[in-house]
Amino acid sequence: IIGSSDPLFPGIAPGVNFIVFDVFDDDTKEDDGGTRDWFFDPVLEWVVENAEKYNIVAVNMSLGGPDRLTGKAFTKAQYKSIYESLENVGVAVVVASGNSFWSNNDLTKSFDSFQGIMSPAIYSDSFSVGAVWADYNNIRSYESGSPGKIWSDTNRHPTLLDIFAPGANIDSAKDGTTGAISESGTSMAAPIISGVVVLAQEIADTYLGRRLGVDELKNLIKN
């Protein structure tokens, strides 16, 4: 989604370079291969230290939890410090907001819609991304959408979510094989914004002779 150079399935920023980190623990049985802050915080600290060396402009994080937060529980200074440091070195941290707005998909019961987004998307220094439909498709018997409409599962909040991006019916790489598969979720929307960050910084370098600050990027993309 970010950097494919395939002519049939191009990414947002074809040819961009990647540094890829695995922050999921395959041996954590209770998490079914989950992650924790202390798994990926060292990676973010590495990015802070190496942003200039490797020309890093964005971190894409398609992970999060618990399901729906409103901000009150996340004030720990040690976590906030990492994200502030990333912003200070000009790295935009783009994070999927989560896919649990509807916590109950059993049509025999009432839906439980509740506004809130996951951590680390909830941090003020990250760029939280929700999903809208990219194209019409009836993926479930009870759900269909049209371009630009909010995808029903996406976590959202009137002040904590930064932006929506196409995330429903996005072509992405198949796991462990060749070709593409259409997927939906905020994990499809976040990399679209990460690709836009790459393009914006390339344009700024070319025409302004400098990089945009993270706040400038947020304002530009939101506007």
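Buried here means under 20% relative accessible area, exposed means over 50%, and partly exposed is in between (1.4 Å probe, protein chains only). At 12% relative accessibility, Asp125 therefore counts as buried. This is a predicted model, where local features need pLDDT of at least 70, side-chain atom pairs count only at pLDDT 80 or more, and totals for chains, interfaces and linings use all residues. Residues are numbered from 1 along each chain as its sequence is written, and side-chain values use heavy atoms, with hydrogens and water left out.

**Overall layout**

- The protein chain has 4 helices and 10 strands; helices (H or I, at least four residues) and strands (E, at least two) are DSSP runs, numbered from the N terminus.
- Of the 223 residues in the protein chain, 43% are buried.
- Take the contacts (heavy atoms within 4.5 Å) with a separation of 6 or more: 65% of them in the protein chain are between residues 24 or more positions apart.

**Nonpolar cores**

- A nonpolar core is a set of buried Ala, Val, Leu, Ile, Met, Phe, Trp, Tyr and Cys residues joined through side-chain atoms within 4.5 Å.
- The largest one has 27 residues, and Val94, Val129, Ile193 and Val197 touch the most other members.
- Two or more residues of this core come from each of β3 (92–96), β5 (127–133), β8 (163–168), α3 (186–207) and α4 (214–222), with α3 giving the most, 9 residues.
- Leaving out residues up to four places away in sequence, Val94 touches Val59, Asn60, Met61, Phe127, Val129, Ala190, Ile193, Ser194 and Val197.

**The largest pocket**

- On a 1 Å grid over the protein atoms alone, a pocket is an open set of points with protein on both sides within 12 Å along at least five of seven lines, and lining residues have an atom within 4 Å of a point.
- The largest pocket has a volume of about 1400 Å³; grid points are joined across faces, edges and corners, and the volume is the space filled by probe spheres set on the points.
- Its lining has 41 residues, and Ile2, Phe18, Ile19, Ala58 and Asn60 lie nearest the centre.
- The elements giving two or more residues to this lining are α1 (37–50), β1 (58–61), β9 (170–173) and α3, and the largest share, 9 residues, is from α3.
- By class, the lining has 28 nonpolar, 10 polar and 3 charged residues. Ala, Val, Leu, Ile, Met, Phe, Trp, Tyr, Cys and Pro count as nonpolar, Asp, Glu, Lys and Arg as charged, and the others, Gly among them, as polar.

- In α4, the buried residues include Val214, Leu217, Lys218 and Ile221. They cover an arc of only 100 degrees around the axis, so they sit on the same side of α4; the arc is that of the directions from the helix axis to the C-beta atoms.
- Asp125 sits in the loop between β4 (117–119) and β5.
- Not counting residues up to four places away in sequence, Asp125 touches Lys80, Tyr83, Glu84, Glu87 and Lys218.

- Most residues other than glycine have a negative phi, and most peptide bonds are trans.
- Ser119 and Pro120 are joined by a cis peptide bond, with omega about 15 degrees; Pro120 is in the loop between β4 and β5.
- Asn55 is not a glycine, yet it has a positive phi of about 60 degrees; its place is the loop between α1 and β1.
- Asn169, also not a glycine, has a positive phi of about 70 degrees, and lies in the loop between β8 and β9.
- Asn169 counts as buried because its relative accessibility is 15%. Asn169 and Trp151 are 18 residues apart in sequence and 10.0 Å apart in space, C-alpha to C-alpha.
- Ser146, in the loop between β7 (143–145) and β8, counts as partly exposed because its relative accessibility is 29%.
- Ser146 and Ala134 are 12 residues apart in sequence, with 7.4 Å between them in space, C-alpha to C-alpha.

Methods. On a 1 Å grid over the protein atoms alone, a cavity is a set of points where a 1.4 Å probe fits but cannot get out, and a pocket is an open set with protein on both sides within 12 Å along at least five of seven lines; lining residues have an atom within 4 Å of a point.
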